[in-house]
Amino acid sequence: QTNWREPARCTAYRETYEETGYLAAPRELLAVVRGGFHIYRCELLNDQPVKGHDHEISWVGWIDSAEIHARLSQRSWRFPEAARYAGWLR
């Protein structure tokens, strides 16, 4: 959750850490979606989480483009813009 005093990049860094336990630096803005939610390409700063994930999160993991497409067919993404996620992988 951001507020008018915190830049979106700072919110992305903080929320990623708080919710997943990973330190990740937001690098490239990929999209601004419903509700002003910013999606960034991030650089992972550590190989392992430095703490456990938040109680709001049921799972933290890495998926490839095939898994993204499988989840699209199951409609299991929060945002309709998820159809673009696979194209953002490098």
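The model is predicted: local features need pLDDT of at least 70, side-chain atom pairs count only at pLDDT 80 or more, and totals for chains, interfaces and linings use all residues. Residues are numbered from 1 along each chain as its sequence is written, and side-chain values use heavy atoms, with hydrogens and water left out. Helices (H or I, at least four residues) and strands (E, at least two) are DSSP runs, numbered from the N terminus.

**Helix 1**

- Helix 1 covers residues 8-20, and its 13 residues should span 18 Å at 1.5 Å a residue, which agrees with the 17 Å between its end C-alpha atoms; the expected span is 1.5 Å times one less than the number of residues.
- Thr11, Ala12, Glu15 and Thr20 are the buried residues of helix 1, where buried means under 20% relative accessible area, exposed over 50% and partly exposed in between (1.4 Å probe, protein chains only).
- These residues lie on the same side of helix 1, because they cover an arc of only 115° around the axis, taken from the directions from the helix axis to the C-beta atoms.
- Strand 1 (24-33) and strand 2 (37-44) are what the buried residues of helix 1 pack against, contact being heavy atoms within 4.5 Å.
- Glycine 21 follows helix 1 and has a positive phi, near 90°.

**Nonpolar core**

- In soluble globular proteins, nonpolar side chains tend to be buried together.
- Here the largest nonpolar core has 9 residues: Ala31, Val33, Ile39, Ile68, Phe79, Ala82, Tyr85, Ala86 and Trp88. Such a core is a set of buried Ala, Val, Leu, Ile, Met, Phe, Trp, Tyr and Cys residues joined through side-chain atoms within 4.5 Å.
- Alanine 82 is in contact with Ile68, Leu72 and Trp77, leaving aside its neighbours within four places in sequence.

**Salt bridges**

- The structure holds 6 salt bridges, each a side-chain nitrogen of Lys or Arg within 4 Å of a carboxyl oxygen of Asp or Glu.
- Arginine 41 and glutamate 28 form one of them, at 3.0 Å from N to O. This pair links distant parts of the chain, with arginine 41 in strand 2 and glutamate 28 in strand 1, 13 residues apart.
- Glutamate 67 pairs with arginine 71, their closest N and O atoms being 2.8 Å apart. Arginine 71 and glutamate 67 are separated by about one helical turn, because they are 4 residues apart in helix 2 (residues 65-73).
- Salt bridges that share partners join Glu6, Arg14, Glu15 and Glu18 into one network.
- Arginine 14 is partly exposed at 24% relative accessible area, and glutamate 6 is partly exposed at 21%.
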